[in-house]
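I opened my notebook beside this one to look up a few things.

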Amino acid sequence: MHPPHTCDNRTVQGSELSVLEQICREIAAASQPFRRLEVSRDQLQQLFKDNPFKLRLIQEKVAGPTATVYGCGMLVDLCRGPHLRHTGQIGGLKLLTNSASLWRSSGAPEILQRVSGISFPTAELLRDWETQKEEALLRDHRRIGKEQELFFFHELSPGSCFFLPRGTRVYNALVAFIRAEYARRGFSEVRTPTLFSTKLWQLSGHWEHYKEDMFTLQPPGTNRAASAQSGHSAGPPVDTLALKPMNCPAHCLMFAHRPRSWRELPVRLADFGVLHRAEASGSLGGLTRLWRFQQDDAHIFCAPDQLEAEIQGCLDFLRSVYQVLGFSFRLALSTRPSGFLGEPSLWEQAEQILQRALEEFGEPWDLNPGDGAFYGPKIDVRLHDALGRPHQCGTIQLDFQLPLRFGLQYKGQAGAPERPVLIHRAVLGSVERLLGVLAESCGGRWPLWLSPFQVVVIPVGPEQEVYARQVQQSLQAAGLAGDLDADCGMTLSRRVRRAQLTHYNFQFVVGQKEQSKRTVNIRTRDNRRLGERDLTEAVQRLLELQNTRVPNAEDLF
């Protein structure tokens, strides 16, 4: 709950939240009933005649002859409902923040105040939520990113992330994982441009549905005034360019650039190209929502009789990747929305195909009526992290519309031209977002194959520093992340402890004995002592554990 309000030029202070919270508790204890009334537009305007903001909402939102208001005590507010029967059903309540809220207006900006809070049926549920919130704050990927020097953000590039060397290592490991799966599953990776004429987006249908979320620009030297008067009032100026927010239209151009045969199908194109989406600046937050990001984006062009097998392959791809990453997931079939493109019969056919694939897959799934994309139904995937929180990342979308719009064809077995079906597919979704989810899920204790802190080499004394550097070079030459802690101003035990608090998967301690025998003494971040091992054998074992992407390399070493 976060109702915006005015306070006659008085600002609600953070120190006053506890007072307001006590007043809310007293109202809850009084079990005041909520009253629902249906009133006419004239009655609404009379009821809220002293509130210009409500009057504007009535003008914009109330389309019918009547609307509902709810009353509680002395408060009456415009609301669709439903509500609780009475305030006594609120067992636990907490006010969280106070902030400014900008009223959307064509004139001068108008500032309201917003007080945010949360409520639960019982006090016990509130305490559970507070405990989970405290744990989530400790695992916040922005905090982990700063402490581990993975990434940062800068006001000079809003909505974009700067990945530092350690963060880039994690990022590249995720991409390499997906690339290995692509090779195993018959996908071909491609690269497509970032900047396109808006004619492409008009052809694909995205301009009509997505233009507000696209970054556009005019080419250098363009006569903008002439472009604006060129008679294309329904669309952008004829020479407008846009940064791509998705890859599918470019992949359609790639499929269409030469004649295709049924023997080539399915064509599976994968693309890690940079995407830009103009999300509202207020919704940007860490890695979870950005203006600039990359996806493990892929599009499958197949014959209709190949469709179910390809959908099954996509679902198996999802399950395999999430199993390695340690995520459980829940599937949902999202069906035709109100603003859909195409014929209803094609939609029904597509929805039936996806439903059969889900039933054969064997995992539980839900139905989300009306929540499909404008061009086709989809299977949404919500993964669950270590705290049980859901995240929307992967998706499988069926599309009969883009092949029609781009006139895509292939020569069928009988020699006649036939229309392919398009599957949009992502497993990680935004790589940046998934990296943030992983950071919070593991709390910065990365599994070895993803870890930017795989091994730290710790010499016992200055006499072993040269050998310690040789050990570090052996690790790095093998492609492992090897650091050196030769700070002899600290005791050995304190350096080992520091390495464990930094979440290094392994510490290689080297003293005089290890130097003479070219061995390393190995400990894990949980302070398990694995003993002395030959250096070459230890490096080889680390590579084996990294390449198999096990979640518990420390236990298996």
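I looked up Cys252 for a sulfur partner: the closest cysteine sulfur, in Cys248, is 6.7 Å away, too far for a bond. My cut-off for a disulfide was a pair of cysteine sulfur atoms within 2.5 Å. By that rule I counted zero disulfides. Cys314 is in none either, with the sulfur of Cys302 as its nearest at 8.9 Å.

I then checked cover, calling a residue buried under 20% relative accessible area, exposed over 50% and partly exposed in between (1.4 Å probe, protein chains only). Cys252 has 0% relative accessibility, so I put it down as buried. Cys314, at 2%, is buried as well.

A note on the source: this is a predicted model, where local features need pLDDT of at least 70 and side-chain atom pairs count only at pLDDT 80 or more, while totals for chains, interfaces and linings use all residues. Residues are numbered from 1 along each chain as its sequence is written, and side-chain values use heavy atoms, leaving out hydrogens and water.

Next came the charges. With Lys and Arg as positive and Asp and Glu as negative, leaving out His and the chain ends, I noted 65 positive and 61 negative side chains, the centres of the two sets lying 2 Å apart. I placed each charge at NZ of Lys, CZ of Arg, CG of Asp or CD of Glu.

How many salt bridges are there? I found 29, taking a side-chain nitrogen of Lys or Arg within 4 Å of a carboxyl oxygen of Asp or Glu.

Arg268 and Glu310 make one of them, at 2.9 Å from N to O. Arg268 sits in strand 13 (residues 267-271) and Glu310 in helix 11 (residues 307-325), so this pair ties together parts 42 residues apart in sequence. I read helices (H or I, at least four residues) and strands (E, at least two) as DSSP runs numbered from the N terminus. Both Arg268 and Glu310 are buried.

Glu432 and Arg292 form another, at 3.9 Å from N to O. This pair links helix 14 (residues 431-442) with strand 15 (residues 292-302), 140 residues apart. Here Glu432 is buried at 1% relative accessibility, whereas Arg292 is partly exposed at 29%.

I also looked at Arg319 and Glu363, whose closest N and O atoms are 3.0 Å apart in a salt bridge. Arg319 lies in helix 11 and Glu363 in the loop between helix 12 (344-361) and strand 17 (365-368), so parts 44 residues apart in sequence are tied together.
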